[in-house]
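Trainee: Hi! I'm new to this one and would like a quick tour. Can we look at it together?
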Amino acid sequence: MGDVKVNNTAASLLEAVFPQYCLLCQLRSFSPLPLCADCFAHLQGNDHACGRCALPLAATAAGLCSQCSAQPPAFDSVIAPLVYEPHIALLISRWKFQRERRLTRLLALLWLTWVIPPTDRDLLLPVPLHWRRLLWRGFNQAALLGLAIRNREPQLASVPLRNRILQRRRATPAQASLNARQRGANLQTAFRVGADVRGLRVAVIDDVMTTGATADAIARSLKAAGAADVQFWCLARTPAPGS
């Protein structure tokens, strides 16, 4: 308890000297993080979701979405605690496209606020970027997020995080510019596994899951290499079109 009080006091003093302002409303956050309590409350939890792909479902729905029921994906499950709506979208956009790496800590803490990380994983893998996109952006956001989550969660301290096992073999057009069918075709043979993952329970880390095409392609590669279970950890999941 003494350490907690010291840490809280230090955080309060730091915030008083160097006040943070909320990235969403621009008002003082009164927190060591750039997000105020009111804007935090507007983030939408993904409370009713498909048990396989985490697609947001109606409040009365349960089980699997129609797509996963008809054609189960290669991955086993998805943890995506937030619905991808304008508030979280703005934070993620500034993090990725305006290269605000300082937001990694905030986003990792948001994930850990909603999620109790599974303790059964043998390996953590970030979704890789092609080297051209990595050079343009300057960092792999999935790798930063995975490291921040792992460093803040004692239960994950012994789970290795490896950046080079999962590799992107070729550059592909940005998924956001494609429809669902094009996304699947775009990712065929895009990934390879560069190490022995036989029998391992893998968590693959990404920022947002949209159609699940990237996750499916990665899971197929990992399963083909012998992985026993492939789970995806994401910040947010996009709703179905028109919902």
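Trainee: Let's start with Phe30: buried or exposed?

Mentor: In this predicted model, Phe30 has a relative accessibility of 63%, so it counts as exposed, the cut-off for that being over 50%.

Trainee: And where does Phe30 lie?

Mentor: Look in the loop between α1 (2-17) and α2 (37-42). There is a backbone detail there too: Phe30 has a positive phi of about 50°, although it is not a glycine.

Trainee: What about Arg99, what is its phi?

Mentor: Arg99 has a positive phi as well, of about 60°, and it is not a glycine either. You'll find Arg99 in the loop between α4 (86-97) and α5 (103-114).

Trainee: Which ring does Arg99 lie over?

Mentor: That would be Trp136: Arg99 lies over the face of its ring, at 4.3 Å from the ring centre.

Trainee: Switching to rings in general, how many aromatic pairs are there?

Mentor: Searching the whole structure gives 3 aromatic pairs. One of them joins Phe75 and Phe232, with ring centres 5.8 Å apart and planes at 65°; angles over 60 degrees count as edge-to-face, so that is what this pair is.

Trainee: Where do Phe75 and Phe232 lie?

Mentor: Phe75 is in the loop between α3 (66-70) and β1, while Phe232 belongs to strand β8, so the pair ties together parts that are 157 residues apart in sequence. Both Phe75 and Phe232 are buried.

Trainee: You mentioned β8. What is the strand order in its sheet?

Mentor: The order is β1-β8-β6-β3, in an open sheet of 4 strands with parallel pairing.

Trainee: Which strands stand at the edges?

Mentor: Those are β1 (77-79) and β3 (123-126). Each has a single partner strand, so one side of each is left without a neighbour in the sheet. From one strand to the next, the twist averages 25°.

Key:
Residues numbered from 1 in each chain as written. Predicted model: local features only at pLDDT ≥ 70, side-chain atom pairs only at ≥ 80, totals over all residues. Heavy atoms only, no water. Pairing = 2+ DSSP bridges. Helix = DSSP H or I, 4+ residues; strand = E, 2+ residues; numbered from the N terminus. Axes fitted to C-alpha atoms, helices over the stretch in contact; angles between N-to-C directions. Phe/Tyr/Trp six-rings, centres within 6.5 Å; stacked < 30°, edge-to-face > 60°. Buried < 20%, exposed > 50% of the residue type's maximum accessible area, 1.4 Å probe, protein only. Lys NZ or Arg CZ within 6 Å of the ring centre and 35° of its normal.
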